[in-house]
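Keep it plain, and group the points by topic.

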Amino acid sequence: MSNEFEQAVAALRAGGVIAYATEAVFGLGCDPDNRAAVQRLLAIKQRPVEKGLILIAADVSQLEHYIDLSQLNSEQMARVDASWPGPFTWVMPARASTPAWLTGRFDTLAVRVSGHPQVQALCRAFGKPLVSTSANLTGEEPARSVAQIGQALAAQLAHIQVGEVGGLSNPSEIKDARSGAVIRPS
């Protein structure tokens with residue numbers, strides 16, 4: 001593991017907010033189980049907690065602590081499984097124990113198993129998923145490179161992981177796992 005990669009994991013473990021490359025844009029991430037870290041991320045992003053967040057993971061087993069897969073039938077799970085790993089985010093039933101700082105006003109949680117090698121390596125090294133939201137202030141264009149993160153945003157981050165986005169034009173498509181309805185097109 002590179003020194004920079006170790007710094008990213010150390011920043012996450014210390015409750016910091018980091019920036020890292022995903023399939024289409026740079027994301028802001030933190031430890032989903034650290035309420036103070038999530039609140040810091042929301043403050044940096046200027047995003048209300050009620051909107052809920054996305055968790056990004058290396059594999060579905062990292063998400064099972066947060067989502068209730070028993071509420072999905074085999075057809076629904078097959079649809080999800082066929083899209084992962086990849087740039088597809090699914091809104092799934094949240095476990096009752098999943099904190100409101102992740103779900104917002106919903107009883108669901110948006111989750112993605114990323115196919116981006118750096119995201120996968122980061123989640124594996126950290127040992128769990130990351131909160132993932134685009135690296136920008138709410139309403140502004142998301143950063144697609146380290147240079148686009150901007151001084152004001154960069155100054156608030158514990159670490160910026162150097163990397164390349166996966167080349168997709170738009171952030172991940174978001175679908176409802178139960179109905180298959182598109183919530184946000186890609």
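At the start of helix H3, a side-chain oxygen of Asn73 comes to within 3.0 Å of the backbone nitrogen of Glu75. This is a polar contact (a pair of N or O atoms within 3.5 Å; within protein, one must be able to donate a hydrogen and the other to accept it, and residues adjacent in sequence count only if both atoms are side-chain atoms). The model is predicted: local features need pLDDT of at least 70, side-chain atom pairs count only at pLDDT 80 or more, and totals for chains, interfaces and linings use all residues. Residues are numbered from 1 along each chain as its sequence is written, and side-chain values use heavy atoms, with hydrogens and water left out.

**Helix H3**

- Helices (H or I, at least four residues) and strands (E, at least two) are DSSP runs, numbered from the N terminus.
- H3 covers residues 74–83, and its buried residues are Gln76, Met77, Val80 and Ser83.
- Those buried residues fall within an arc of 125° seen down the axis of H3, so they line one face of the helix; the arc is that of the directions from the helix axis to the C-beta atoms.
- Ser74, Glu75 and Ala82, on the other side of H3, are exposed.
- Buried means under 20% relative accessible area, exposed over 50%, and partly exposed in between (1.4 Å probe, protein chains only).
- Strand S4 (88–93) is what the buried residues of H3 pack against.

**Helix H1**

- In H1 (residues 3–13), the buried residues are Phe5, Ala8, Val9, Ala11 and Leu12.
- They line one face of the helix, because seen down the axis of H1 they fall within an arc of 160°.
- Asn3 and Arg13 are exposed on the other side of H1.
- The cover over the buried residues of H1 includes strands S1 (18–21) and S2 (26–29), helix H5 (117–126), S6 and strand S7 (159–160).

**Ser132 in strand S6**

- Ser132 belongs to strand S6, residues 130–134.
- Its relative accessibility is 7%, so Ser132 counts as buried.
- Leaving aside neighbours within four places in sequence, Ser132 is in contact (heavy atoms within 4.5 Å) with Tyr20, Thr22, Leu28, Ile54, Ile56 and Arg112.

**Cysteines**

- A disulfide is a covalent bond between the sulfur atoms of two cysteines.
- Here a disulfide is a pair of cysteine sulfur atoms within 2.5 Å, and the count by this rule is 0.
- The sulfur of Cys30 is 12 Å from the closest cysteine sulfur, in Cys123, which is too far for a bond.
- Cys30 is buried, at a relative accessible area of 0%.
- Cys123 is buried, with a relative accessible area of 0%.
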